[in-house]
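My entries follow the structure.

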Amino acid sequence: MVNSSTGSVFPDGFLWGGATAANQIEGAYDEGRRGLATSDFAPFISREANRGYEGDPLPHNAMTREMLDDALEHPEKWNLPKRRGIDFYHRYREQLAELAAMGFKVFRMSISWSRIFPNGDDAEPNEEGLAFYDAVFDECHRLGMEPLVTLCHFDTPLNLALKYGGFKSRHTVDAFERYAETVFSRYKGKVKYWLTFNEINNVLTNPFTCSGVVLPDPNDGTHNPYKGDWAMKYQVSHNQFVASAKAVIKCHEIDPEAKIGNMVCRLENYAESPKPEDQLQVLFEDHFNWFYSDVQAKGEYPYYMKRFFDENDIHIEMEPGDEETLKAGTVDFVTISYYMTYIMRYKGEPVPKPSGSLVSAIKNPYLEASEWGWPIDPLGFRITLNHIYDRYHLPIFISENGLGAVDQLDENGYVEDDYRIDYLKRHVEQLGEAIKDGVDVFGYAWWGPIDLVSSGTSEVSKRYGFVSVDLDDFGSGTHKLGRKKSFYYYKKLIASNGADLSTDNIVIE
Ligand code: BGP
């Protein structure tokens, strides 16, 4: 309920802040003895043409084996922005200082696995990589921000993908466990909050670019994000569940003070009509939505997957001890990215495969959409939070929520981004409502509080930040930082612990 002295519904100590990922900010892909990662091959996809290399049409977020091989041999032919990021590797001090200037309490970031183990499975960790994150965590603490760290955010070491097919192989599970153990021991006491895999459920739709890192192969359909060998994708998911659970167990052993959570891309579905069949479709789609967090939070495969696996001839290969590992490695808290909601229409199949489309095929006439077609649904945020809490009764952290837009920046990197302020205000309002409903939420991280490279399209011009970075999609620019109008709004919001959401008293300093 409302705190009488602060007027806020948000609990004291609520973790306001923002979220990033190593592959989208660090750059310096070949410095500090870092090994190549899958993300180093994600091509720039312009929104105008949705075309990549030399005019070839490129489906959103897809990558073919031929493209990967070509980019390995001729990287100069490609625009690969994730190799550059926003140069956080060299400029983290000034960039973190800007976030701290908004009053951030939490900074979500990820560790680049190939900075610690260049090949993913080397005999010894890379001290230069370890030292870099020591410096970043120290700086966060100096600035009063708690680091919340994802172990693997879409950037698995390339060597593991090429040699082992990523998480198709248990070798990658073992390598992940060792990596996790290494960083838990090194950063014990410095990092209180960990996450295992970013958006673990996206392996179904983007098996290469997401952390499953199954190589795109035209023969099994994995080059196409909407088709594919489902049996293989679910086996990869199983291996990732085991890897995640092993990391949870290690984390608890090594640092009993630390907490570790999961992270799923939360897709709330609405039925297109009151027709019971459409409602049934919502139930089916929700199964694929819940499956990942159910295993990670409850420690076992949910009942509803059995029929799907049976009818689709999917047999998960489990090793002895896997079920016990899943049970022992349940997460301490659950986290989501929340961007949009979906509309479901009955497809005429009793147990359909997940549609997996990132943007719903059916438009919701009641919602506006972003410039990238992502429906904006603040009320859906409250609904989804209630659903999650009802299911798990675990504390929730918002790992991502935000608006990518084309900003017309002036020479100081300033823009009157009222659209971003409006998005933030309406989502925080509904977050407050969910907390009043009784949902236990302990933090909110805006995605991309500083402009960064987009995950899906590798654009920098899809800007999410409150802080702008003078950079374009081709790596030109001074890296100069600017403060957008939303910078001052979020600062005011944080200072009031979410009590002051008004947009008419924003002080531009
Ligand atoms: C999530 C990812 C992030 C992030 C965000 C926005 O799926 O976890 O890494 O980038 O989406 O997506 P995009 O960058 O494609 O706009």
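**Contacts of Arg420**

I listed the contacts of Arg420, leaving out residues up to four places away in sequence: Leu403, Ala405, Asp407, Trp446, Arg463, Tyr464, Gly465, Phe466, Lys484 and Ser486. Contact means heavy atoms within 4.5 Å.

The model is predicted, so local features need pLDDT of at least 70 and side-chain atom pairs pLDDT 80 or more, while totals for chains, interfaces and linings use all residues. Residues are numbered from 1 along each chain as its sequence is written, and side-chain values use heavy atoms, without hydrogens and water.

I placed Arg420 in helix 13; helices are DSSP runs of H or I with at least four residues, strands runs of E with at least two, both numbered from the N terminus. Arg420 counts as buried because its relative accessibility is 0%; buried means under 20% relative accessible area, exposed over 50%, partly exposed in between (1.4 Å probe, protein chains only).

I then looked up polar contacts (N or O atoms within 3.5 Å, one able to donate a hydrogen and the other to accept it; residues adjacent in sequence count only if both atoms are side-chain atoms). The Arg420 side chain has one with the side chain of Asp407 at 3.1 Å and one with that of Asp417 at 2.8 Å.

**Strand 11**

I checked strand 11 (residues 441–447) and found seven of its seven residues buried. Strands pair if DSSP finds at least two bridges between them. Strand 1 (residues 15–19) runs parallel to strand 11, with five bridges, and Gly17 has Ala445 as its bridge partner. Strand 10 (residues 396–400) is also parallel to strand 11, over three bridges, with Ile398 opposite Tyr444.
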